[in-house]
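Hi everyone, thanks for coming.

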Amino acid sequence: VQLQASGGGLVQTGGSLRLSCAASGMIVSINTMGWYRQAPGRQREWVASITRVGSTGYAGSVKGRFTISRDNAKNTVSLQMNSLKPEDTGVYYCHSITLTSDYWGQGTLVTVSS
C-alpha cells in the first residue's frame, strides 16, 4: 500500500485546511485509515481515524474542530481541519492498517501562525 498525502500549508489561527490522502496498491486490504501528526521536538501522535464502515475516532485535542472522512470508491481519506490553533502545527502523516501490516505516507506540513 502506498499513501500520498497533500493539502498542507500555512494558515492563520482560526483558519481551515483540508488534507487528503490517496491510497494505491493492495487497497482492498485496507481497514482503518487515519492521520497522525508530529510537532517539532515532540513524538508523533494520533489525530483521527476512520474504519472501512465509517466509524470514527478523534484525539481529544481536535474533537469538534477536525472531521475525518473517507471515500472507499476513490480510496481516499480526508481531514477537514477548522478553527486551527498554533499547537496544531506539525507534519501530518496519513496512516493505513490492513490485516497484516500498517503503512505511512510521506507527511505534509501544516503551519498555523499566531
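When I say buried, I mean under 20% relative accessible area, with exposed being over 50% and partly exposed in between (1.4 Å probe, protein chains only). This is a predicted model, where local features need pLDDT of at least 70 and side-chain atom pairs count only at pLDDT 80 or more, while totals for chains, interfaces and linings use all residues. Residues are numbered from 1 along each chain as its sequence is written, and side-chain values use heavy atoms, leaving out hydrogens and water.

So, is Asp-88 buried or exposed? Asp-88 counts as buried, at 0% relative accessibility. Its side chain forms a salt bridge (a Lys or Arg side-chain nitrogen within 4 Å of an Asp or Glu carboxyl oxygen) with Arg-37, at 2.9 Å, N to O. Asp-88 sits in the loop between β8 and β9 and Arg-37 in strand β4, so this pair ties together parts 51 residues apart in sequence. Strands here are DSSP runs of E, at least two residues, numbered from the N terminus.

Asp-88 also meets Arg-65 in a salt bridge, at 2.8 Å. Arg-65 is buried too, at 11%. Shared partners join Arg-37, Glu-45, Arg-65 and Asp-88 into one network. Within it, Arg-37 and Glu-45 pair at 2.7 Å; Arg-37 is buried at 5%, and Glu-45 is partly exposed at 31%.

Now, a friendly neighbour: Tyr-92 is in contact (heavy atoms within 4.5 Å) with residues including Arg-37, Trp-35 and Leu-79, leaving aside neighbours within four places in sequence.

Technical notes:
Helices (H or I, at least four residues) and strands (E, at least two) are DSSP runs, numbered from the N terminus.
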